[in-house]
Structure formats: C-alpha cells, structure tokens
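I opened this notebook to record, step by step, what I looked up in the structure. The sequence and the model come first, and my entries follow.

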Amino acid sequence: MSLIEARGLSRDFVVPKRAAFERTRHQTALAPTDLDVQAGAALGIIGESGSGKSTLVRLLLGLDRPSAGTVEIDGRAVDASAPARSLHWLRRETGLVFQDPYASLDPRMTAGRIIGEPLWALGIEGDRRARVREVLAQVGLDPETAERYPHEFSGGQRQRIALARAIVHRPRILVGDEPLSALDVTVRAQILDLLIELRRTSELTLLLVSHDIGVVQNLCDTVVVMKDGHVVERGTTDEVLQRPTQEYTKALLAAIPVIPARGE
Ligand SMILES: Nc1ncnc2c1ncn2[C@@H]1O[C@H](COP(=O)(O)OP(=O)(O)OP(=O)(O)O)[C@@H](O)[C@H]1O
Ligand SMILES: [Mg+2]
C-alpha cells in the first residue's frame, strides 16, 4: 500500500468576472490526477510557474479541498472539509517547509516556541524543551538560540528554524514547497545536506516542489513534471532528468538553473 495515494484528484478555481456580462469561468489548477508515493520515497515535483505544483501538495495535505477525487494517507481518507481537530492525525504525520523562511515564522515568538509549537498543538507528550534543543542541534543551530527571535537570525538560519519546526514532532512525511529557493548557494548546499542526512537517518518520505534540478537530483528518487495542471511526465529521477520524453520537460530542463550536483 502507498503511504500517499491520490485518485482523480482535481481542483478548479472560479476566475473573477472581468465584466458583468461575462460568464463565470473556471480555471483548472489541477486536472484529475492519480499519484502514489511509497513510504520512504522522495518525490520531486517540477514544472513552470502556475502549473499546479503547490495546488497538488496543498490538496495532498488537506490544506485545500479538492473539486473532485480522493487522497489517502496511510490508508486514511484526507477530508479537508473536516474540522481542524479531526485532521490532527494528518498534522501529526506531516511537516511542512515553505519558500519564505521569514513569512512562515511568527516574529513575536522565540525560536524555541516556534519550533516547539507543534508539540504543544498536537499534544505530544514528553520533555518538549529537550526535544526542541535536540532538533536545534540536528539542524545545525546552537540550542541556546532557542531564546532568540526570528529577526535575530540570518535567512539561512531562519530556514533551519522552519525545518526544525517541520520535523520536531517526528512526522513520517516532510513536504517542502520551494524550501531552498530563497537561500543563497552556500546556505542552500548546507540545507540540502541536512535534508539528505534527515532522509538517511529518519526514513522520511519526502515531497519536494523545486525548480532547482540539482536539489531534485540529489534528494529525489522519482519525479513528476507538471504543466497547466496536468502531470505530463513521471518516472525515476534519472529517467526524467537524463532522458525526458516530453518536449516540455526538455525545454523546462534547459531553462532552469542547474546547481552542480554534490561532489562535482
Ligand atoms: N486560491 C486561488 N484562486 C484562484 N486561482 C488559483 C488559486 N491558487 C492557485 N490558483 C491558480 O491555479 C494555478 C496553479 O497554481 P499553483 O500555485 O498550484 O502553481 P505552482 O506550480 O505552484 O506555481 P509557482 O511555481 O509559481 O509556485 C495557477 O494558474 C493559479 O493562478
Ligand atoms: Mg507554488
């Protein structure tokens, strides 16, 4: 059984009318899509801007309601219309990192509170402060920095905090929507190493939206390519990146920046 399973998953948005006499138009952000992600796998999601990558991951995580179709995580139906409390199990299973490490951190909370918040929110027992210090160390930050506020950190450090928060409750699934794009090359390489290490040591299942092929190459074992709300190509990372079959994928690969793979 797949850890993540989507069947006929789709999402339409109503486009605002430009004039009173216009008919209501619908835009398909995601056309009916099937997807299977096995436990422990790492899936890269690539595609041009507006192709539906974020829509797909939001639907998988129950952050948005599908227009049609179903999502199951570990055999359990994800119902985004259910009250927040009944999705606790899903929050427990998943951790999320977004592109902008500043916007996602509450400026009034210390790093320690930000990172530990999921433990309290999800009612996870144990020595929570110790767990916060442990993940701080894991993401390469001094545990003493738990007392500091987001503005006292650099962009790269803030993204480490976002990552620490995403893994503090030991989720089985980590989802990154362009988690490295706002970072400069050196910091990106450090966080990339961290993610590789996390996958190696904690059997995380990873969903990674990225336009950075180097990142996808280093982290993911399968890739889906999206265009206009459709998955137009999918396969192992080697197949898709080295031998793409679609012209769109070839053009996409030619157009996007390539960070040298590790060890090159
Ligand atoms: N809340 C919304 N209301 C209306 N349209 C939306 C909404 N969210 C997404 N869309 C539309 O759905 C399509 C897919 O958007 P999505 O954010 O999934 O793209 P993306 O691949 O993540 O793009 P990017 O690389 O720029 O983040 C776009 O055309 C977008 O305008
Ligand atoms: Mg997006």
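**Entry 1**

I began with T205, which is buried, since its relative accessible area is 1%; buried means under 20% relative accessible area, exposed means over 50%, and partly exposed lies in between, with a 1.4 Å probe and protein chains only. Before going further I noted that this is a predicted model, in which local features need pLDDT of at least 70 and side-chain atom pairs count only at pLDDT 80 or more, while totals for chains, interfaces and linings use all residues. I also noted that residues are numbered from 1 along each chain as its sequence is written, that chains are lettered from A and ligands numbered from 1 in the order in which they are written, and that side-chain values use heavy atoms, with hydrogens and water left out.

I found T205 in strand β8, where helices (H or I, at least four residues) and strands (E, at least two) are DSSP runs numbered from the N terminus. Leaving aside neighbours within four places in sequence, I listed L3, V37, Q38, A39, G40, A41, R172, I173 and L174 as the residues in contact with T205; contact means heavy atoms within 4.5 Å. I then checked T94, which is 111 residues from T205 in sequence, yet the two C-alpha atoms are 9.4 Å apart in space.

**Entry 1: the helix α6**

I turned next to helix α6, which runs over residues 185–202 and has 18 residues. From its first C-alpha to its last, α6 reaches 25 Å, close to the 26 Å expected at 1.5 Å a residue; the expected span is 1.5 Å times one less than the number of residues.

Which residues of α6 are buried? I wrote down V187, R188, I191, L192, L194, L195, L198 and R199. Seen down the axis of α6, these buried residues fall within an arc of 160 degrees, so they line one face of the helix; the arc is that of the directions from the helix axis to the C-beta atoms. On the face turned away from that buried side I found the exposed residues V185, T186 and R200. The cover over the buried residues of α6 includes β3 (42–47), α4 (128–138), α5 (155–167), β7 (173–177), β8 (205–209) and α7 (213–219).

D184 caps the N-terminal end, with a side-chain oxygen 3.2 Å from the backbone nitrogen of T186, and just after α6, E203 takes a positive phi of about 50 degrees.

**Entry 2: G116 in helix α3**

I located G116 in helix α3, residues 111–121, and saw that G116 is buried, with a relative accessible area of 0%. The buried residues of α3 are A111, G112, I114, I115, G116, P118 and L119, and their cover includes α4 and α5. I also compared G116 with R18: they are 98 residues apart along the chain, and their C-alpha atoms are separated by 45 Å. After α3 comes G123, whose phi is positive, near 65 degrees.

Where is S51? I found S51 in the loop between β3 and α1 (53–60). S51 is buried, at a relative accessible area of 0%, and a polar atom of its side chain lies 2.6 Å from the backbone oxygen of E48. Beyond its neighbours within four places in sequence, S51 is in contact with A29, M226, K227, D228, G229, H230 and Y248.

D228 counts as partly exposed, at 45% relative accessibility, and has a positive phi of about 45 degrees although it is not a glycine.

**Entry 3: R170**

I looked up R170 next, in the loop between α5 and β7. R170 has a positive phi of about 55 degrees although it is not a glycine, and at 54% relative accessibility R170 counts as exposed.

**Entry 4: the whole protein**

Finally I stepped back to the protein as a whole, which has nine helices and ten strands. Of its 264 residues, 48% count as buried, and its C-alpha atoms fill a box of roughly 55 × 50 × 45 Å, taken along the principal axes. Among contacts between residues at least 6 apart in sequence, 68% join residues at least 24 apart.

Technical notes. Polar contact = N/O pair within 3.5 Å; in protein donor to acceptor, adjacent residues only side chain to side chain.
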